[in-house]
Amino acid sequence: MISQVISYTSFFAVAIGIFGVITSRNLIRKIISLGICETGTTLFFVGVSAATGTFAPVVPATGMAAVAFSDPVPQAVIITGIVINFSILCLLLVFTIMLMNRYHTVDAKTIERILDKEE
Amino acid sequence: MDILLLPTLPIITGSIAIILHRKKRLAQVLFFLCCLAVITILLMQLNQEKTFQIGGWGDTGITVGFDALNLPFMLSSIIVAVAVSLSAMTRATYDGFFYGLIMILLGSLNAVYISRDLFNIYVTFELASIVGYILIAYGKKGKQIWAAMKYALLSSVGFSVFLIGAGLAYARTGSFSFLSLNEIGSLAGALIFTGLSVKSGLFFVSMWLPDVYDSTPAEIPLLSGIIIKAEDYLILRFITYDSFQWLAPMYLGVGAISAVIGAVYAFNARKSQRVLAYHTFSQIGFIVTASNIHGAWHAFSHSIFKGLLLLSAGKISERLKTQDLSKWKGKMTVGEYIPLLIGSLAIIGFPLTSGYVTKGGIIDSVPLTGVVMLTIASVATVISFCKFVFIPLSKRKLKLPKLLIMSYVLLSSGILFHGVIKFDYYKLGESLAVIGAGVVLYFLIRKYFRPISTKPEKLDESLVLFVGFIAVVLTMLIL
Amino acid sequence: MKSFMTFVLIAYCFVIIAFGAWDNLVYRDDNNVMEISERLNVPNTVTAVYLQSRVYDTLFEIILFTMVAMAVALMLKSEPVHEHNNQTIDNSTSVYGSLVGVLSLTAFCFVVLNGHLSPGGGFAGGVILASGISLYAITSGFSGVNRQYERMKAGLIEGVSFVIIISSMTFAAVFPEVFQQLNQKQSFGALFSGGIIPMLNVLIGLKVYAASWKMVGEFVARRGPL
């Protein structure tokens, strides 16, 4: 039950993120929307992990009876995903700084118009 | 256990080259030693097929393997990487960081090819993509940075969709490994395919490609090309599982359309690197239409001849300071023309080149509607390469640097070797007929060429096309 | 017009995915937490999964992170630098900033050393330390912290720890039985149990901190502090 709630919230977040990337004009807003989209996929993996239970997968002592632990594999895997998403956001921000220094604007359509005129 | 050395060895030497990035000679020596080691290990695996889990962990671990579909892709990426670095050694502006990045790219692509686990593909492919963005923006000019930014945004959106598909696959079967891909259901299969199709070089979804080929110096598009081939390898591998079989008409349709439209855009374009970029759309359409082992060998020969074309055309356009083909009349020397001629003969499917062998293999294995569209695309390819072949030459002699000649010789010998060894007479008549028809049509319609508008390549429009493609695939799911 | 078309397309895809995903997310009854915990003799199974059974992925991720930090430094090397002259340093804020820095250092040591006993681990600890030290640096002067780093030879420590991480992770991926036998010999739940997992956690924490600090430092140098 809780797994479906989390997963549908995460699909909604991904949809809003992609909508934001397409319809924003400002480059910084596009990058923030991409961050929302990637946080949505992180939340989705947490939802997948909650499908087998909601106790934290830390075993207090050996030889215990099995409790409804949550699945450790998607949680471990999405830690990797968080780091990768963070690195891509940093790289995109570096590109934005370099574009700002050359064209003095962060508006996507203005930059494309300048690049078309240069040809 | 020894196939695990294929990715880790280049990555470790690449990291050493990056940490000591002021010593250029050391980086170059390490690069060639590492390539030699990788080729040796690869040739030792030649006819084997194996799959095993690291550490024997079962579902909580990672599976790796090697089989016959991997071989052409891995060979082509090493050959192209060696050619790129031989040509880059003639430029003094690249310090040790560049060779370290190429080694890390090679290592991560090898890791994609041997991996049999969905999340491992995500991590290693993102490593390869990030190296790609850094290489595209290496020259720090405004146009290159914008091309890299467009590529990065589009690719991140695509990979988020891929992650949702991978999560759904895990939720149903409890494992990320490829062995359980037969039962993940069609929705997860659709999301995985569309998520990975952004970097695949098909027409509607990868509209970042012409800008990247247009604005970067001569060697970088070859490296971007081997990343595209890794994506096509994944598409070719996924079609063999049950959950993706319903996508087979989609592969045929998208591939055929991409082949024809790419060639039509190409013969109308005027700048040399853009023509080659549109031809990449067309040739990847050929590969995806025939999604079997023939497509894999066409990917191998495409990397090599497209690499030769890009390198030679790029060096000519850098020397003449213009990419416009109409301004090249009477200024190309014979030495620069020969690699361009060999590459053009390979791509139009002239006998005795590797393009003839692999194109014949594809046309044999495709159903009838596919054969019609691919023949139209081949004729259009011949028309547009007549633009390169029939340029008048100049009588001067120009001395090319020795390392550049070595890299041209490496790539040309790959093309001719493959073509001569596997030559057969079946398709001789067809290919000569296609070439003849193309040449005649070129002389008839060459006054009507006009460049087609580049509106679909802008950032927002390419994202909208991508979301539209997702909608089309999901509609096919319901029907 | 374009936003309306985008909205329609995205809503259509969302509806199809929402209907299709319902039967994938039902309650599953199996979990292999007890097996992982017994095989590796470690209480926290999440750290055990990403440091022992999927160590091949973590290896690539550490390389990615280090390489992106170096690439950011390389690409911003030719951009103009903001002058630091008019940074206003408020004395009371800088006292509280150093308090937060010390608290985050303590939290880092606890979270990282107990990574195999309770939720935490190298990545969380690295982020805690990076936020704390960045706050300290913003309120007390960036150039002073950079000079401190050069006195402590931080670059050498980073390179050495990078080499140690990569070699031990490759070793753990290629010869996994060595570490599993080492784990079995130690007691369950003690601070020094778990084989190489605590050492890897400490090194990963330091690496994540160093890379985040380099990136934040480059951005602040280009834009200027508060």
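In the predicted model, the side chains of C:Glu79 and A:Asn101 are joined by a polar contact of 2.6 Å. A second polar contact, at 3.3 Å, links the side chain of C:Glu79 to that of A:Arg102. The pairing of C:Glu79 with A:Arg102 also qualifies as a salt bridge, with the closest N and O atoms 3.3 Å apart. C:Glu79 is placed in the loop between α4 and α5 (91-113) of chain C. Its relative accessibility is 5%, under the 20% cut-off, and C:Glu79 therefore counts as buried. When neighbours within four places in sequence are set aside, the residues in contact with C:Glu79 are A:Met98, A:Asn101, A:Arg102 and C:Arg222.

These pairs belong to the interface of chain C and chain A, across which 6 residue pairs are found in polar contact, both residues of each pair being at pLDDT 80 or more. The salt-bridge count between the two chains is 1. On the side of chain C that touches chain A, two or more residues are given by each of α1 (2-20), α2 (33-40), α3 (45-53), α4 (55-75) and α10 (197-223) of chain C. The largest share of this side, 8 residues, is provided by α1(C). By residue class, the side of chain C that touches chain A consists of 30 nonpolar, 7 polar and 6 charged residues.

In overall extent, the contact brings together 43 residues of chain C and 49 residues of chain A. The size of an interface is often expressed as the accessible area that is lost when the parts come together. Between chain C and chain A the buried area is about 4,200 Å², with 75% given by carbon and sulfur atoms. C:Phe14, C:Leu25 and C:Met34 account for 14% of the area that chain C buries against chain A, more than any other three residues.

Chain C also meets chain B, in a contact that takes 43 residues from chain C and 52 residues from chain B. The area buried between chain B and chain C is about 4,300 Å², and carbon and sulfur atoms give 75% of it. Within chain B, the most area is lost to chain C by B:Trp57, B:Thr60 and B:Lys140, which together represent 15% of what that side buries.

Between chain B and chain C, 2 salt bridges are counted. One of them is formed by the side chains of C:Lys2 and B:Asp460, at 3.1 Å from N to O. Polar contacts across this interface comprise 3 residue pairs, with both residues at pLDDT 80 or more. The elements of chain B that each supply at least two residues to the side touching chain C are α1 (5-19), α4 (96-114), α5 (118-136), α6 (142-173), α7 (186-196) and α18 (459-478). That side of chain B divides into 36 nonpolar, 11 polar and 5 charged residues.

As regards its own fold, chain B contains 18 helices and 2 strands. Its radius of gyration is 21 Å, close to the 23 Å given by the globule rule for 479 residues, so chain B is as compact as a globular protein of that length. The C-alpha trace of chain B spans about 65 × 55 × 45 Å along its principal axes. Of the 479 residues in chain B, 67% are buried. Among contacts in chain B between residues at least 6 apart in sequence, 82% connect residues at least 24 apart.

Conventions: Residues numbered from 1 in each chain as written. Chains lettered and ligands numbered in written order. Predicted model: local features only at pLDDT ≥ 70, side-chain atom pairs only at ≥ 80, totals over all residues. Heavy atoms only, no water. Contact = heavy atoms within 4.5 Å. Buried area = accessible area lost by both parts, 1.4 Å probe. Salt bridge = Lys/Arg side-chain N within 4 Å of Asp/Glu carboxyl O. Polar contact = N/O pair within 3.5 Å; in protein donor to acceptor, adjacent residues only side chain to side chain. Helix = DSSP H or I, 4+ residues; strand = E, 2+ residues; numbered from the N terminus. Nonpolar A, V, L, I, M, F, W, Y, C, P; charged D, E, K, R; others polar. Rg over C-alpha atoms; globule rule 2.2 N^0.38 Å. Buried < 20%, exposed > 50% of the residue type's maximum accessible area, 1.4 Å probe, protein only.
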